[in-house]
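Subject: Structure for you to look at

Dear colleague,

Here is the structure I said I would pass on. My notes on what was found in it follow below.

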Amino acid sequence: MTCSGTTSVYPPGPGSDRSTLRAVTSVTVGVLAVQGDVREHLAALRSAGADTRAVRRPAELEQVDGLVVPGGESTTIDRLCRIFGLHEPIRARIAGGMPVYGSCAGMIQLADEILDGHREQQTFGGIDMTVRRNAFGRQVDSFEADLHLSGLRDPQRPVRAVFIRAPGSSASATAWRSSPRPTVIPWRSARVASSRPASTPR
């Protein structure tokens, strides 16, 4: 998904028909704005040239071409999305191939399974992976690290990332810490990160 300048074509989601692909010259990227690092993600997207919109209601979700699920508290994000009637619309958009990015708590919400979630917690799903909350440690174990990510314009330039009670997964990854737990995972039209990159602008 590109933010400006060139035409982009969205990749198909599971079960989608390639004939329904939509070519666009600009996109509007939404940030799920019920809780978490909303302001930081909006600022990062705007600095990259994207048109942005805070998403708190289903009607606002309909107006975006892609969605960011920010870092925060995953159980609170889940509960508020169900209260505001956003849970099922987001699940449907993701299943239909909408590009989506999840950071920290967003990674938890985009996983198909949580090992240690709240007993009533529900995820949006979309990525065939199992996550564990707080896999990198508790609040006192928070840390920063430089990550080298493939697929960037300059993959040799490190990206500074913040890990705050960060989740982990056993899925394949493009960046690793010293332990075998991925920090960035690509899956079809979705991307997730254990860290909170919006907290550390490049």
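Which residue just after H3 takes a positive phi? That residue is Gly85, with a phi of about 70 degrees. Please keep in mind throughout that this is a predicted model.

Helix H3 spans residues 74-83. Ser74, Ile77, Asp78, Leu80 and Cys81 are its buried residues. S3, H4 and H5 are among the elements that cover them.

His87 has a relative accessibility of 5%, so it counts as buried, the cut-off being under 20%. Leaving out residues up to four places away in sequence, His87 touches Asp78, Cys81 and Arg82, and also Gln122, Thr123 and Phe124.

The cores

The largest nonpolar core holds 27 residues. Within this core, the residues with the most contacts are Leu32, Leu67, Cys81, Leu86, Ile90 and Phe124. Two or more residues each come from the strands S5 (66-69), S7 (111-114), S8 (127-132) and S14 (190-193), and from the helices H3, H4 (87-95) and H5 (105-110). H5 gives the largest share, 4 residues.

Another core, of 10 residues, lies apart from the largest one; Ala33, Leu45, Ala50 and Val68 are among its members.

Helix H1

Leu45 also belongs to the buried set of helix H1 (residues 38-47), together with Val38, His41 and Leu42. Viewed down the helix axis, the buried residues of H1 fall within an arc of 100 degrees, so they line one face of the helix. As a reminder, an α-helix has 3.6 residues a turn, so residues three or four places apart point the same way. Arg39 and Ser47, on the other side of H1, are exposed.

Which strands do the buried residues of H1 pack against? They pack against S3 (28-32), S4 (51-55), S5 and S6 (100-103). After H1 comes Gly49, which has a positive phi, near 95 degrees.

Regards

Terms used:
Residues numbered from 1 in each chain as written. Predicted model: local features only at pLDDT ≥ 70, side-chain atom pairs only at ≥ 80, totals over all residues. Heavy atoms only, no water. Core = buried A, V, L, I, M, F, W, Y, C linked by side-chain atoms within 4.5 Å. Buried < 20%, exposed > 50% of the residue type's maximum accessible area, 1.4 Å probe, protein only. Arc of directions from axis to C-beta. Contact = heavy atoms within 4.5 Å.
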